[in-house]
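Take a look at the structure first, then go through the notes.

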Amino acid sequence: MSNKDLATGVKILIGNTEVEVRPLTIRQLRRFVKIVGDLNFENQAELTDEDIDKMVEAASIALEKAAPDLAKDNDAIEDSLDIRTFNEILNAAMGVDPNE
């Protein structure tokens, strides 16, 4: 099984900028899993401020290599991402093919 599809990543539109998000490295994955492990995306109406802070932190990790300036700015992440875009970033970071 080849991983060539992972080398190019997934192109995601964040604001007016297209960003190519690749699967996380093992080092990034360790930090990422600690954050997203407790999140529940089934019912968005029940998301707390703490959940949203975790989402921003997870997005920051996922964007470290693809958009380093954005990854360093939590306010910009909050202003740029909606829940759908966050989910696309989450899936791309985990190596999930969005076309499947």
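Let's start with Glu-50, which counts as exposed at 52% relative accessibility. Keep in mind that this is a predicted model. Glu-50 has a partner, too: its side chain meets that of Lys-54 in a salt bridge, at 3.5 Å from N to O. That pair is one of four salt bridges in the structure.

**Salt bridges**

- As a general point, oppositely charged side chains can pair when their charged atoms come close.
- Lys-54 and Glu-50 are four residues apart in helix H3, so about one helical turn separates them.
- Arg-31 pairs up with Glu-64, and the closest N and O atoms of this salt bridge are 2.2 Å apart.
- Arg-31 belongs to helix H2 (residues 26–36) while Glu-64 is in the loop between H3 and H4, so this pair ties together parts 33 residues apart in sequence.
- Both partners are partly exposed: Arg-31 has a relative accessible area of 35%, and Glu-64 has one of 29%.
- Another salt bridge joins the side chains of Arg-22 and Glu-20, at 3.5 Å from N to O.
- Arg-22 is partly exposed, with 46% relative accessible area, and Glu-20 also counts as partly exposed, at 28%.

- Which charged residue is buried yet has no salt bridge? That's Asp-51, found in helix H3 (residues 49–62).
- The nearest side chain of opposite charge to Asp-51 is Lys-54, 5.1 Å away.
- Leaving out residues up to four places away in sequence, Asp-51 touches Leu-39 and Glu-46.

**The negative surface patch**

- Which residues form the negative surface patch? They are Asp-49, Asp-53, Glu-57, Asp-69, Asp-73, Asp-75, Glu-78 and Asp-79.
- The elements giving two or more residues to this patch are H3 and helix H5 (74–80).
- Asp-69, one of the patch members, lies in helix H4 (residues 68–71).
- Asp-69 is exposed, with a relative accessible area of 66%.

**Helix H3 in brief**

Technical notes. Residues numbered from 1 in each chain as written. Predicted model: local features only at pLDDT ≥ 70, side-chain atom pairs only at ≥ 80, totals over all residues. Heavy atoms only, no water. Buried < 20%, exposed > 50% of the residue type's maximum accessible area, 1.4 Å probe, protein only. Lys, Arg positive; Asp, Glu negative; His and termini not counted. Contact = heavy atoms within 4.5 Å. Patch = residues over 30% accessible without salt bridge, like charges linked within 9 Å, V, L, I, M, F, W, Y side chains within 5 Å. Areas by Shrake-Rupley, 256 points an atom, 1.4 Å probe, with all protein chains shown as cover. Charge placed at Lys NZ, Arg CZ, Asp CG, Glu CD.
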